[in-house]
Amino acid sequence: MIKYKTSEEVEVIRQNCLLVGDTIAEVAKLIKPGVTTLQLDTAAEQFIRSKGGIPSFKNYRGFPFASCISVNDAVVHGFPTNNVLKEGDVISVDIGVFKNGYHGDSAYTFAIGNISDEVKQLMKTTKESLYKGIEKAVAGNRVGDIAFAVQEYTERKHRYGVVRELVGHGVGQDLHEDPQVPNYGKRGSGPKLNEGAVIAIEPMINMGKKNVVNDKDGWTVRTRDGKPSAHYEHTVCVKKDKADILSSFTSTEAAEKANENLCSDYY
Ligand code: MG
Ligand code: MG
């Protein structure tokens, strides 16, 4: 059952989502060859706690870290590790913040240094597909309209693989609420969305095939064919004419552009 939010609840979620964006921006400032994803996770947790928030993911169903950092063939739920990042790595950073009784959730994908046009295209298309989905997050539409828009753009138009096993979700007092928001599906299918539904839309798009496997760490999800994957996520509130995007990439994109180690000419 979808728990519709009051405008007061939406504003709390917005503040949390903006803190997530600022945290991802802090992480973006630190990404460079030689840094470990565990160092990035520690910085993220410190920043969230310094702002009075609690990392939503920490201890969620036993997940031991504040962030999911998924490198190259890792799609999502990546375990921060002591492995050092290097030129050419594609890094998805997914973070949630819990504060004042509600969660906020957002994710962004970075790349270090000179990457191939093929990888740039994957990142650009995945980011664009997020906004294709958001366009459909209006009152009266169904979840399948969002799902179809993402799949149409990524899989049918660009021939990428859309991950089936993992989906977007409602956001509120729980990190994962109803409805599930897949990145594939039929127009006009699934739960109907009314004003006040707060959902995370998060395309997880593979350069190769859609199939994924679970890493032996029990969490990290990887592409089966070993090709890279990209992931962008916004939390949005469904409205009459146009969704209200509660999270923001503004500080993240500014940090991405300012960090000379990061590729920022892909979109
Ligand atoms: Mg997320
Ligand atoms: Mg999410």
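1. Along the chain, the donors of the magnesium ion (ligand 2) follow the spacing D-x63-H-x32-E-x30-E. Donors here are N, O and S atoms within 2.8 Å of the metal (3.2 Å for Na, K and Ca); water is not among the atoms, so sites may look incomplete. The protein donors in question are Asp-105 (OD), His-169 (NE2), Glu-202 (OE) and Glu-233 (OE), and they lie 2.1 to 2.2 Å from this ion. Two of them link distant parts of the chain: His-169 belongs to strand 7, Glu-233 belongs to the loop between strand 13 (229-231) and strand 14 (234-237), and 64 residues separate the pair. Strands (E, at least two residues) and helices (H or I, at least four) are DSSP runs, numbered from the N terminus.

2. This is a predicted model, in which local features need pLDDT of at least 70 and side-chain atom pairs count only at pLDDT 80 or more, while totals for chains, interfaces and linings use all residues. Residues are numbered from 1 along each chain as its sequence is written, chains are lettered from A and ligands numbered from 1 in the order in which they are written, and side-chain values use heavy atoms, with hydrogens and water left out.

3. Asp-94 sits in strand 4 (residues 90-99) and Asp-105 in strand 5 (residues 102-111), 11 residues apart. Which residue bridges the magnesium ion (ligand 1) and the magnesium ion (ligand 2)? Asp-105 does, and the two ions lie 3.1 Å apart.

4. The classes are set by relative accessible area: buried means under 20%, exposed over 50%, and partly exposed in between (1.4 Å probe, protein chains only).

5. Next, the pockets. Rolling a probe the size of a water molecule over the atoms shows where empty space is left. On a 1 Å grid over the protein atoms alone, a pocket is an open set of points where a 1.4 Å probe fits, with protein on both sides within 12 Å along at least five of seven lines; lining residues have an atom within 4 Å of a point. Grid points are joined across faces, edges and corners, and a volume is the space filled by probe spheres set on the points.

6. The largest pocket holds about 510 Å³ of space. It is lined by 23 residues, of which Tyr-60, His-77, Val-167, His-169 and His-176 are the closest to its centre. Strand 7 (168-170) and strand 8 (177-181) are the elements that give two or more residues to this lining, and strand 8 has the largest share, three residues. By class, the lining has 10 nonpolar, six polar and seven charged residues. Ala, Val, Leu, Ile, Met, Phe, Trp, Tyr, Cys and Pro count as nonpolar, Asp, Glu, Lys and Arg as charged, and the others, Gly among them, as polar.

7. About 240 Å³ is the volume of the second largest pocket. Its lining has 17 residues, and those closest to its centre are Val-71, Phe-79, Thr-81, Asn-83 and Arg-222. Strand 2 (residues 67-71) gives the largest share, three residues. Six nonpolar, seven polar and four charged residues make up this lining.

8. Asp-215 is in the loop between strand 11 (212-214) and strand 12 (221-223). Its side chain makes a polar contact of 2.6 Å with that of Arg-222. A polar contact is a pair of N or O atoms within 3.5 Å; within protein, one must be able to donate a hydrogen and the other to accept it, and residues adjacent in sequence count only if both atoms are side-chain atoms.

9. Gly-21 is part of helix 1 (residues 7-30). Why does Gly-21 count as buried? Because its relative accessibility is 1%. Neighbours within four places in sequence aside, Gly-21 is in contact (heavy atoms within 4.5 Å) with Ser-248, Ser-251 and Thr-252.

10. Some backbone details remain. The peptide bond from Asp-178 to Pro-179 is cis, with omega near 0°, and Pro-179 lies in strand 8. His-77, in the loop between strand 3 (74-76) and strand 4, has a positive phi near 60° although it is a residue other than glycine.
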